[in-house]
Amino acid sequence: MLKLEDTYRHKGQRNALVKLLEKKGIKDGNVLQAIGTIPRHFFFDTALDSHAYEDKAFPIGEGQTISQPYTVAFQSELLEVKPGDKILEIGTGSGYQAAILHLLGAEVHSIEFQKKLFDKTKKFLTKLGIPIHFYFGDGSQGIPSQAPFDKIIVTAGAPVVPNSLLKQLEVGGILVIPVGDRKTQKMMKLTKKTAKKIIQEEYDNFAFVPLLGEEGWRSQSV
Ligand code: SAM
């Protein structure tokens, strides 16, 4: 049974989380406001929802996780979201990151590789009235039929930057992607200055579940 009650206690916990994220270095006021607005506990299984406002990743079923709030905030900040941006998210998962991007004013296209998770999250966000364009499939190759995108965010750890994603990025666009091995990845921000010139910036290490697929890891196992 889904619990869709947002109480003063939840709001208080969200405010405390926002303060913590500010302390950890998140500066974008719009991102902080979105985290302070979206009820993260809606995206949790009832058994775990008392943990929803801890700054931690948690299981969401099918061996996958909802990202840590700091990670969501950090990636969202790097994306420099502007109202009307057409954003591709790879790894819909619980739908929390997609909901944050929507609240920031983006047109969100989100793709998920796990059918059960795709079905569950599409149904849930539709019920919440959050208009996301959902796709089922291998997002490591992007979504050529919907390209180009102003921004692309990858929420699973990639072995390399997929070429398809760079191709599907608009000139002036930003790709935010964790790249590394199966356990830790460096957060990277790639800005497409011209069709041929990409500026690359590297940030801290994070620990994501693997990006599977044709331009990701070829199998679930090591
Ligand atoms: N953004 C999610 C959220 O807000 O809950 C968290 C994503 S979770 C850390 C990573 C997700 O990426 C998992 O749901 C996983 O199934 C998905 N994934 C892995 N490889 C993928 C691929 N090639 N295409 C699309 N989704 C993929």
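**View 1. E80 in the loop between α3 and β3.** In this predicted model, E80 is placed in the loop that lies between helix α3 and strand β3. The phi angle of E80 is near 50 degrees, a positive value in a residue other than glycine. Most residues other than glycine have a negative phi.

**View 2. E62 in the loop between β1 and β2.** Residue E62 belongs to the loop between strand β1 (58-61) and strand β2. Its phi angle is near 60 degrees, again a positive value in a residue other than glycine. E62 counts as partly exposed because its relative accessibility is 37%.

**View 3. The cis peptide bond between A147 and P148.** The peptide bond that joins A147 and P148 is cis, with omega at about 5 degrees. Most peptide bonds are trans. P148 is found in the loop between strands β5 and β6.

**View 4. The open sheet of seven strands.** Seven strands make up an open sheet of mixed pairing, in the order β5-β4-β3-β6-β7-β8-β9. The edges are formed by β5 (133-136) and β9 (198-206), each of which pairs on one side only. On average, neighbouring strands of this sheet are turned by 15 degrees against each other, direction ignored. Strands of a sheet pair through backbone hydrogen bonds, either parallel or antiparallel. Within this sheet, β3 (residues 86-90) and β6 (residues 149-154) run parallel and are joined by four bridges. In this pair, L88 stands opposite I152 of β6.

View 5. Strands β7 and β8 run antiparallel and are joined by seven bridges. They form a hairpin, with four residues between the two strands. Here I177 stands opposite M188 of β8. Strand β8 also pairs with β9, in the antiparallel sense and over seven bridges. This second pair is likewise a hairpin, with five residues between its strands. Across the pair, K189 stands opposite E201 of β9. Strand β8 is largely enclosed by the rest of the structure, because seven of its eight residues are buried.

**View 6. S110 in strand β4.** Strand β4 (residues 107-112) contains S110. This residue is buried, since its relative accessible area is 0%. Leaving aside neighbours within four places in sequence, S110 is in contact with E89, T92, I132, H133, F134 and Y135. With one of these residues, E89, there is a polar contact of 2.7 Å between the two side chains. The C-alpha atoms of S110 and H133 are 6.2 Å apart in space, while the two residues are 23 residues apart in sequence.

View 7. An unreviewed UniProt entry lists S67 under "active site". S67 is located in the loop between β2 (64-66) and α3. It counts as buried because its relative accessibility is 18%, and the limit for buried residues is under 20%. When neighbours within four places in sequence are left aside, the residues in contact with S67 are R40, K56, A57, V72 and F208.

View 8. A polar backbone atom of G91 lies 2.9 Å from a nitrogen atom of the ligand. For F113, a backbone N or O atom is 3.3 Å from a nitrogen atom of the ligand. In D138 the atom concerned belongs to the side chain: a polar atom there lies 2.9 Å from a nitrogen atom of the ligand.

Terms used: Residues numbered from 1 in each chain as written. Predicted model: local features only at pLDDT ≥ 70, side-chain atom pairs only at ≥ 80, totals over all residues. Heavy atoms only, no water. Pairing = 2+ DSSP bridges. Axes fitted to C-alpha atoms, helices over the stretch in contact; angles between N-to-C directions. UniProt positions renumbered as here; feature names shortened; annotations may be inferred. Buried < 20%, exposed > 50% of the residue type's maximum accessible area, 1.4 Å probe, protein only. Contact = heavy atoms within 4.5 Å. Polar contact = N/O pair within 3.5 Å; in protein donor to acceptor, adjacent residues only side chain to side chain.
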